[in-house]
Amino acid sequence: MSAISVINLASLQDLGNRVGAEVHRARFRANIEIDGLPPFAELDAVGQTLAFGDVALRILSRTKRCAATEVNPLTAERDLKVPYLLRKEYGHTDMGVYVEVVKGGRLTPGQHGQLKS
């Protein structure tokens, strides 16, 4: 698959709140981090477009998570069973989405975006 990985920071925060632990975003190795959507809203938006000014990214699929996310990026220790916790708390092992570029351009930190059907 030729896709870009996107993670919603609100989803990470929600998971951390539910399990009582900080869930560091580096565990997920996303290409793009977004904020401003409700937790896990991106998972229900497959087929929709994330628009940032002129940049348009079509959401292709959810990102299923594997045991690699159990490794703490700061200590290199397996300290959080992320796939298990996702399944226990939400009934799935998805965190983030894959997107494809529909219209290219420049993204900048802090840039506001929106979901479009």
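Two strands count as paired if DSSP finds at least two bridges between them. Strands (E, at least two residues) and helices (H or I, at least four) are DSSP runs, numbered from the N terminus. The model is predicted: local features need pLDDT of at least 70, side-chain atom pairs count only at pLDDT 80 or more, and totals for chains, interfaces and linings use all residues. Residues are numbered from 1 along each chain as its sequence is written, and side-chain values use heavy atoms, without hydrogens and water.

Six strands form an open sheet with mixed pairing, in the order β2-β1-β5-β4-β3-β6. Strands β2 (32-34) and β6 (114-116) stand at the edges; each has a single partner strand, so one side of each lacks a neighbour in the sheet. On average, neighbouring strands are turned by 40 degrees against each other, direction ignored. Within the sheet, β1 (residues 4-8) pairs with β5 (residues 94-103) over three bridges, in the antiparallel sense. Here V6 lies opposite V97 of β5.

Helix α1 (residues 9-19) packs on this sheet and touches β1, β2 and β5 (contact means heavy atoms within 4.5 Å). The direction of α1 makes about 50 degrees with that of β1. Axes are lines fitted to C-alpha atoms, for helices over the stretch in contact, and angles between N-to-C directions run from 0 to 180 degrees.

The axes of α1 and α2 (residues 82-90) come within 11 Å and cross at roughly 85 degrees. The two helices are therefore roughly perpendicular (65 to 115 degrees). D14, L15, R18 and V19 of α1 meet L85, L86, E89 and Y90 of α2.

How values were computed. Parallel < 35°, antiparallel > 145°, perpendicular 65-115°, else oblique.
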